[in-house]
Amino acid sequence: MNVWDVAIIGGGPAGLSAALVLGRALRSVILIDEDKPRHAAAHSSHGYLTRDGISPSAFRELGREDVRAYELVRMEHDTATGAKKEDDHFHIATASGKSYISKYLVIATGARDQLPPIPGIQESYGISVFPCPYCDGWEHRGEPLAIIGSSQSLFGYVQLIFNWSRDLSVFTDGASMLTLEQKQALQARGIALYEQPIKSLRSSGGQLEKIMLEDGQEIARRIAFLSDTGARDATTIPDELGVGREQDGQYETMEHGSTHIEGLYLIGDAKHYFTGLIGSASEGYEAGVAINRRLVEEDWV
Ligand SMILES: Cc1cc2nc3c(=O)[nH]c(=O)nc-3n(C[C@H](O)[C@H](O)[C@H](O)COP(=O)(O)OP(=O)(O)OC[C@H]3O[C@@H](n4cnc5c(N)ncnc54)[C@H](O)[C@@H]3O)c2cc1C
């Protein structure tokens with residue numbers, strides 16, 4: 001029976017970074033990844049020092065190449081379908097029928113977006129409809145921008161995007177949750193507010209052209225930011241293992257991504273939905289170092 005020091009589920013920046021530091025610390029690691037990165041729809045990724053503007057697929061491949069240098073790390077293209085903890089060990093099952101046993105388990109499965117059901121939005125997502133101004137705001141600074149959203153966080157999101165462009169139109173796809181004061185604040189800054197339902201987004205090859213409203217209006221905008229992408233957990237494995245939730249619905253974690261389940265860590269978007277590439281890689285490194293420290297102490301006795 002092969003017991004791995006660490007099993008990692010998810011091979012994005014969070015999981016790969018954890019694998020890298022653990023491999024370098026001479027730990028045996030099994031990394032299971034189904035390879036469906038959240039930002040796959042994007043043409044380029046920004047904000048990762050030394051890799052600004054890189055394509056998501058090239059970024060992944062460079063990460064895997066780094067990890068491949070460490071022979072104690074094995075990467076498996078597979079989907080983890082469940083995990084349980086028995087006799088102080090994690091038992092992980094996969095879709096291909098394999099199972100793995102490990103002393104520590106890192107969940108780095110990212111998040112999945114469930115976009116609002118507006119016809120045409122999916123085709124433009126990551127190309128001209130973006131979730132994050134830190135990722136794509138600079139490229140469209142000063143341009144006429146649409147902001148689409150209806151959640152409570154919309155107003156703060158508009159304030160944020162206003163940093164990149166003063167030419168904003170806000171589309172709430174039905175009556176908004178904005179207060180009268182917030183609407184007045186938008187008006188005072190010349191920000192147009194459309195509360196009519198959106199009929200569809202018209203685009204060509206992913207390039208947004210117009211926002212079509214149910215009342216027949218057509219508003220020309222080539223770039224939109226989406227305040228709420230409907231981010232969801234990519235896996236229920238933390239629930240199966242008994243990880244609790246915070247009030248905001250995200251998993252309860254402690255320092256370095258550790259959880260109340262001994263030996264279980266949650267990092268990257270799996271922990272808090274939008275960590276970014278460099279933030280996720282950083283959390284992977286931090287969790288890897290913390291786990292190695294624990295293994296060092298266990299080996300010492
Ligand atoms: C359109 C878009 C553009 C973005 N642009 C940027 C940008 O420019 N800059 C930036 O910093 N951030 C950007 N982000 C955010 C960034 O993609 C995430 O914050 C980052 O990828 C999170 O890293 P992660 O390792 O936690 O998860 P991910 O990168 O999502 O990786 C998770 C991996 O786990 C795998 N997985 C999930 N479940 C299982 C399972 N059960 N078994 C096996 N494998 C599983 C997935 O297939 C995936 O390969 C963007 C996001 C989106 C949606």
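1. Basis. Because the model is predicted, local features need pLDDT of at least 70 and side-chain atom pairs count only at pLDDT 80 or more, while totals for chains, interfaces and linings use all residues. Residues are numbered from 1 along each chain as its sequence is written, and side-chain values use heavy atoms, with hydrogens and water left out.

2. Where the ligand sits. Domain 1 (3-113 + 231-300) and domain 2 (121-226) both contribute residues to the shell around the ligand, so the ligand lies between them. The domain bounds come from an automatic or database domain assignment.

3. The shell. There are 36 residues around the ligand, and Asp33, Lys36, His46, Gly276 and Leu277 come nearest; a residue is near a molecule if one of its heavy atoms lies within 4 Å of it. By class, the shell has 12 nonpolar, 14 polar and 10 charged residues. Here Ala, Val, Leu, Ile, Met, Phe, Trp, Tyr, Cys and Pro count as nonpolar, Asp, Glu, Lys and Arg as charged, and the others, Gly among them, as polar. Helix 1 (13-24), strand 2 (29-33) and helix 9 (277-300) each supply at least two shell residues. Helices (H or I, at least four residues) and strands (E, at least two) are DSSP runs, numbered from the N terminus.

4. Atom pairs at the ligand. Oxygen atoms of the ligand lie 2.8 Å from a polar backbone atom of Leu277 and 2.9 Å from a polar backbone atom of Gly276. Arg60 uses its side chain: a polar atom there is 3.0 Å from a ligand oxygen. The protein covers 98% of the 1,000 Å² of accessible area that the ligand has on its own (Shrake-Rupley method, 1.4 Å probe).

5. The core. The largest nonpolar core has 21 residues, and Val6, Ile8 and Ile291 have the most contacts inside it. Such a core is a set of buried Ala, Val, Leu, Ile, Met, Phe, Trp, Tyr and Cys residues joined through side-chain atoms within 4.5 Å. Buried means under 20% relative accessible area, exposed over 50%, and partly exposed in between (1.4 Å probe, protein chains only). Two or more core residues come from each of strand 1 (3-9), helix 1, strand 2, strand 6 (99-107) and helix 9. Helix 1 gives the most, with 6 residues.

6. Two loop residues. His256 is not a glycine, yet has a positive phi of about 60°. His256 lies in the loop between helix 7 (237-241) and strand 17 (264-266), and its 33% relative accessibility makes it partly exposed. Tyr273, also not a glycine, has a positive phi of about 55°; Tyr273 is in the loop between helix 8 (269-272) and helix 9.

Conventions. A polar contact is a pair of N or O atoms within 3.5 Å; within protein, one must be able to donate a hydrogen and the other to accept it, and residues adjacent in sequence count only if both atoms are side-chain atoms.
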